[in-house]
Amino acid sequence: MNRYVLCLLLVLGLAVQERVFAQKVISLENMTLYHVLDRPDASQGIYMEDTGHRLDKYTGTWEGTFKEYKIKATISQQKKYQVQDNPPVFQDRLLMQVRVFDRLGKAVPFISKVMEGEGGGDDLQVKRLAPNSMGAIVEESYKFQFTYGYTGYFLQGTLSNDMKSLTLAHAAVIILDGSGWLPEFMPRAKEAWILHRTSRVPPRPANWNPPYRGEYNNPGGGPPPKPGRPSQRP
């Protein structure tokens, strides 16, 4: 009887092990759920892992002002968050919890008609020095999505070279409930929150280069490196 139980446990263990190892692990860089759905190896599940630890430098506490509002944000990591059930898809992501205060210092609530005060990480985009796909970073951005009901508000984040300031620019708004109303403290097109780090600055990644002044007009950037040179930035 004991031998039968041991054999059964061994078979179950091998089945679980096969399923665990069948799960495909891919880099989080430049990947979204839509890119993953058509992969032939997606049937057993996919884990979009931050293998390069690109999210570490965003975590911490941040403060800034926007239209006389004071913005306080805390950014943390969430490992292996499940974004889809069948096939199972997981990804590492950032969460940004935000508190807003008016010019008198009174907290402005994220009430039901406004937005929820937590933004979920949506997409990490990394551009590297060509032609080496593993070369130095020349541009990086990370997207946060604030939601309420059928409304989605997207902020595109870029870090300064010294990792002490974070620009969260208006990227897009999706409104499906017909209200069309958005809170005053959220940036519109060509506007941005500029937040300054109030927590300890993390160690500088070995291959980190600043985002250049491009699509999101990041104030901490500069011109992109010329081809064939490691970087124009210190």
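I began with the charges over rings: R93 lies over the face of Y81, 3.6 Å from the ring centre. For this I required NZ of Lys or CZ of Arg within 6 Å of the ring centre and within 35 degrees of the ring normal. The charged end of K80 also sits over a ring, that of Y47, at 5.0 Å from its centre.

I note that the model is predicted, with local features needing pLDDT of at least 70, side-chain atom pairs counting only at pLDDT 80 or more, and totals for chains, interfaces and linings using all residues. Residues are numbered from 1 along each chain as its sequence is written, and side-chain values use heavy atoms, without hydrogens and water.

Next I searched the whole structure for aromatic pairs and found three. Rings of Phe, Tyr and Trp (its six-membered ring) pair if their centres lie within 6.5 Å; planes under 30 degrees apart are stacked, over 60 edge-to-face, the rest tilted. Y69 and F185 are edge-to-face, at 5.9 Å centre to centre and 70° between the planes. Y69 is in strand β4 (residues 69-84) and F185 in the loop between β10 (165-175) and β11 (192-197), so this pair ties together parts 116 residues apart in sequence. Strands (E, at least two residues) are DSSP runs, numbered from the N terminus. Both Y69 and F185 are buried, meaning under 20% relative accessible area with a 1.4 Å probe, protein chains only.

Y142 and F144 are buried too. Ring pairs link Y58, Y142 and F144 into a cluster.

Last, I looked up W193: its contacts (heavy atoms within 4.5 Å) include F66, V98 and F185, not counting residues up to four places away in sequence.

Terms used. Helices (H or I, at least four residues) and strands (E, at least two) are DSSP runs, numbered from the N terminus. Buried means under 20% relative accessible area, exposed over 50%, partly exposed in between (1.4 Å probe, protein chains only).
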